[in-house]
Amino acid sequence: MTFDPANPFIVQGDRSVLVEVDNPKYAAARDALAPFAELEKSPEHIHTYRISNLSLWNAAAAGFTAAEVLAVLQKYTKFPIPQNLPLDITETVARYGRVKLERVDEKALKLVCADKPLMAELSRQKKLKDYLGEKLDDVSFAVDPAYRGVLKQMLITLGYPAEDIAGYTEGANLPMKLRETCASGVPFKVRDYQREAGDVFHAGGDVRGGSGVIVLPCGAGKTIVGIVAMCLLQKNTLVLTTSITAVKQWRREIIDKSTLTEDDVKEYTGDTKEIGPVTVATYQIITYRPDKTEDFPHFGLFDKRDWGLIVYDEVHLLPAPVFRVTATIQARRRLGLTATLIREDGREGDVFSLIGPKKYDVPWRELETKGWIASASCTEIRVALPDDSNRMAYAVADHRAKYRIASENEAKDEVVAELLARYHDQRVIIIGQYLTQLRRMSDRFEIPIITGSTGNAEREELYGKFRTGEVRHLVLSKVGNFAIDLPDANVLIQVSGTFGSRQEEAQRLGRILRPKSSGDGDAHFYTLVTRDTRELDFAHHRQMFLTEQGYSYAILDEREVVPPKSAAG
């Protein structure tokens, strides 16, 4: 092809793709690129995406071909695609599934690769050969089922992600089905994309189903997808999630929307350790150990029943020790649920290997357009340090202290005051990183606060009052990042965050995206950032998540928000 100035892509030989934001074709091009590329930078006018091996393998696992990837690049590129890329992308996509794990019998597996030279090369790799058993023929080796997980981890580091078609243990039966009317009396209907996600994971019971990750926005009903998968399989199920609040929410939803009873669904947490046909547990209890020299006493939960399905909620937060135990239970079906595949520890490859590849993904803006999640406006408000003494304290502080000084900037309080006045009759959440800052705001504005030290009974009571409207404004620490169900929250004021965490940005935005039952149907996401500090740099990285999902954000000066009288005071 020749030069086409109307197109938004500049495709480069290092697999980076520059995308013009102001181009009329930008939105369509971004949506077409997202399934197989990762956003790296998102300044105002040019966004940079990277086509990584893992992003291509996730696309391949979801059914994309190399030809479809290249067709997207060809359709939107300004310049001819570099000559090295078509072959490079084709060969990388083809690496997924060239090596397969298959079942020999109930007690044995085999690693198969039809390419004899490749099989010979892999079998000599130091990382791999210790996990291979007897050579069966030129294209296959026996594999001990205990090595199924670690073998897949090794293969992805060698650049040949295995397709695991060895199947699963069936697990103990548990008859259940979805209700048409919730136990609470409300009509219930599974949304099309939720059913489709469950069907893609299940794959009709085929060995190519049963392990993988479903990526859906917060507020889009990932819990329902989990319940749909449970009803398709009808097996004993272990659900792992992030907090006791999330445990109670999962249990409430399962009992409300399926035919299972309270006796069928048990909680396994620091407070209550009951095991039933469906057991909902926290990652914290699974990874608890009283002494770091000891092993993890609650790992035994994975063998306490004949589980047919293990659900990993918020899989992007999966603690490292859970990867270890997951590597040993590859014969059980595994469903990961998340709003983002981004992991701050860089272990996306382990999620791919041990939980499974991405099987289903719906863009946030697509669900927003259809009304399944609230439309959101995102605004960054830049605030100055209030005086020279604060600026001097910042100037002489070390790196970590600089971030905290900027995050806890007391000048942010005036902006919060103005926003609370503006949204006084709406459901507002103030969320942040530092307890001193949050307690200061709780005291000043006389708003209830929930932190990690808030007792579960008090926490549930406050969440309940917020849902009913008895309490309209709430201050939350980091406990508010994960799996809380506050459907009518429509304004979130982020006063501080965890450095440049994109996954945290995803969780926090998700708190206000559930469709609203009444009042203002739009959601408003405000981030308060101290200008001329390290906090501003981290904010840019966090906002890449918003850009990935198709959101734009306005940038305001505090003087555009706070009346001059208040700003001076």
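## Basis of the description

Helix axes are lines fitted to C-alpha atoms over the stretch in contact, and angles run from 0 to 180 degrees between N-to-C directions. Helices (H or I, at least four residues) and strands (E, at least two) are DSSP runs numbered from the N terminus. The model is predicted, so that local features need pLDDT of at least 70 and side-chain atom pairs count only at pLDDT 80 or more, while totals for chains, interfaces and linings use all residues. Residues are numbered from 1 along each chain as its sequence is written, and side-chain values use heavy atoms, with hydrogens and water left out.

## Helices H7 and H13

Helix H7 (residues 148–157) packs with helix H13 (residues 348–355) at an angle of about 135°, their axes lying 9 Å apart. The two helices are therefore oblique to each other, given that angles under 35 degrees count as roughly parallel, over 145 as roughly antiparallel, 65 to 115 as roughly perpendicular and the rest as oblique. The crossing of H7 and H13 is right-handed, that is, the near helix is turned clockwise from the far one by less than a right angle.

In the contact (heavy atoms within 4.5 Å), Gly-149, Lys-152, Gln-153 and Ile-156 of H7 meet Gly-349, Asp-350, Phe-352, Ser-353 and Leu-354 of H13. By class, this contact of H7 with H13 has 3 nonpolar, 4 polar and 2 charged residues, where Ala, Val, Leu, Ile, Met, Phe, Trp, Tyr, Cys and Pro count as nonpolar, Asp, Glu, Lys and Arg as charged, and the others, Gly among them, as polar.

## The aromatic pair at Phe-352

The structure holds 8 aromatic pairs (rings of Phe, Tyr and Trp, the last by its six-membered ring, with centres within 6.5 Å; planes under 30 degrees apart are stacked, over 60 edge-to-face and the rest tilted). Among them, Tyr-96 and Phe-352 form an edge-to-face pair, at 6.1 Å centre to centre with 85° between the planes. Tyr-96 lies in the loop between helix H4 (84–95) and strand E5 (100–105), and Phe-352 in helix H13, so the pair ties together parts that are 256 residues apart in sequence. Both Tyr-96 and Phe-352 are buried (under 20% relative accessible area with a 1.4 Å probe and protein chains only, against over 50% for exposed and partly exposed in between).

## Helices H17 and H18

Helix H17 (residues 412–422) and helix H18 (residues 435–445) pack at about 45°, with 11 Å between their axes, which makes H17 oblique to H18. Their crossing is right-handed.
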